[in-house]
Amino acid sequence: MKIIILGAGQVGTSVAANLVSEANDITVVDHNPALLRELQDRFDLRTVYGHGAHPDVLARAGAEDADMIIAVTNSDETNMVACQVAYTLFHTPTKIARVRAQSFLDQPRLFGTDALPIDVAISPEALVTDYIIRLIENPGTLQVLDFAGGRIRLVAVKAYYGGPLVGQELRTLHQRMPNIEARVAAIYRQDRAIQPEGDTVIEVDDEVFFVAAPEHIRAVMGELRRLDKTYRRMIIAGGGNIGTRLAGALERSFRVKIIERDLKRCKHIAEDLEKTIVLHGDAADQDLLLEENIESTDVFCAVTDDDEANILSAMLAKRLGARKVMALINRPSYVDLVQSGAIDVAISPQQATIGSLLKHVRRGDVVMVHSLRRGAAEAIEAIAHGDETSSKVIGRTIAEIRLPKGASIGALVRGDQVLIAHHDTRIQSEDHVILFLQDKRRIPEVERLFQVGVTFL
């Protein structure tokens, strides 16, 4: 696909890195020449200097024959105007805009061909907030990802010594839990992917990805580790968009405190939220944390816009006794550095955001994409179309489908029915198929599997 990305900031760079590796023709537009030079040094793509919403700049970027425009500058207004210009002057088929301000997102009538011609409005802050909420609602998880509108979930969890399934073969999972449907989709051992088979033995510290219905997640986790108690008390460091959204979503079910350095912002948050306690101060102030009983806090979540502040305050909170600490980290190199150390969960905004963009780039009918393992792996929800003569998957059992190496089918959604995949499960037309790919470079092979042949009319 020919794709124009407006904005060479952290989101734009992350999107470019993901898409350029899949043989797409990428052009990045920005008015910061230093950022453009850095992108050109790192990736095989084209750059254009200028303002992303200006018609002449879009023309130089090749908007006349572009398949998609992804507007992810720091300005909502620039992103929205750029989509309008691309639609009116260049008839660009797909227009995606990053929209951060909640007042815009609260008015869905703004987005559409009869208003602002934006096909998809993405809010990284909203996506990150939802991501954190799922982690808090499922204590002990490393990742929780929704498919089929939340009817099936892919969960990542670390196996601990003492878990009943640890040291046992995978096939014993069904014997131990005959009434619960679940499937292990992937195992990572010391950062190396292991294809799960019936005789695969789970070891201590394995990172295990499994699919299950939401109501069965805790039961499966109980086989891999001692279950964490439900969270009740949490402290959020940072009262920006993400921190305020998070507190607003959780304050009715949890006892929430926000620590914010800016006094004016503190007053604004206190007016907006009902039950959250708003504290003016520094989240890396040891005296303040002790005063707020950090040792009895279930979750400390650092979500300021400063990576170093998030890392240091989360490490301090852990040392002072917080049960679980999470830190929002923008730099990918920092994520690798701190994950599995003193910080329990490193949250990457790019990883939470990229999936909502990738599903519009994938060939075939792909309704959901989640980027995993810092972009190396992927989970996909694809719809099987066609019939037995025109499709490579319909009418075939899971065992008969020639999946690429490292790929596995975890579950099917058929109407209102969720089916955990077994070797003899047969795929029907219009099934939603949940796949896990250990190596995202195999994506084209999966896309070809789900493409309908020319015989289907």
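1. A crossing of two helices is called right-handed if the near helix is turned clockwise from the far one by less than a right angle, and left-handed if anticlockwise. Keep that in mind for point 5. The model discussed here is predicted.

2. Start with the sheet. Strands of a sheet pair through backbone hydrogen bonds, either parallel or antiparallel. Here the sheet is open and has 5 strands, in the order S7-S8-S11-S9-S10. Their pairing is antiparallel. Strand S7 (143-147) and strand S10 (192-194) are the edge strands. Each of them pairs on one side only. From one strand to the next, the twist averages 20°.

3. Now look at one pair inside this sheet. Strand S8 covers residues 152-158, and strand S11 covers residues 207-212. The two run antiparallel and are joined by 6 bridges. Which residue of S11 stands opposite Val 157? It is Val 208.

4. Next, helix H6 (residues 124-137). H6 lies across S7 and S8, and runs at about 110° to S7. H6 also packs against helix H14 (residues 349-358). Two packed helices are described by the angle between their axes and the distance between the axes. For H6 and H14 the angle is about 110°, and the axes are 9 Å apart. Angles of 65 to 115 degrees count as roughly perpendicular, so H6 and H14 are roughly perpendicular to each other. H6 brings Pro 124, Leu 127, Val 128 and Tyr 131 to the contact. H14 brings Pro 349, Ala 352, Thr 353 and Ser 356. By class, this contact of H6 with H14 has 6 nonpolar, 2 polar and no charged residues.

5. H14 has another partner, helix H1 (residues 10-20). The angle between H1 and H14 is about 55°, with the axes 10 Å apart. H1 and H14 are therefore oblique to each other. Left-handed or right-handed: what is the crossing of H1 and H14? It is right-handed. On the H1 side, Gln 10, Ser 14, Val 15, Asn 18 and Leu 19 take part. They meet Gln 350, Ile 354, Leu 357 and Leu 358 in H14. By class, the contact of H1 with H14 has 5 nonpolar, 4 polar and no charged residues.

6. Last, a single residue. Ser 123 sits in the loop between strand S6 (120-122) and H6. Is Ser 123 buried or exposed? Buried means under 20% relative accessible area. Ser 123 has 6% relative accessibility, so Ser 123 counts as buried. Leaving aside residues up to four places away in sequence, Ser 123 touches Val 99, Leu 105 and Arg 245.

Terms used: Residues numbered from 1 in each chain as written. Predicted model: local features only at pLDDT ≥ 70, side-chain atom pairs only at ≥ 80, totals over all residues. Heavy atoms only, no water. Pairing = 2+ DSSP bridges. Helix = DSSP H or I, 4+ residues; strand = E, 2+ residues; numbered from the N terminus. Axes fitted to C-alpha atoms, helices over the stretch in contact; angles between N-to-C directions. Contact = heavy atoms within 4.5 Å. Parallel < 35°, antiparallel > 145°, perpendicular 65-115°, else oblique. Nonpolar A, V, L, I, M, F, W, Y, C, P; charged D, E, K, R; others polar. Buried < 20%, exposed > 50% of the residue type's maximum accessible area, 1.4 Å probe, protein only.
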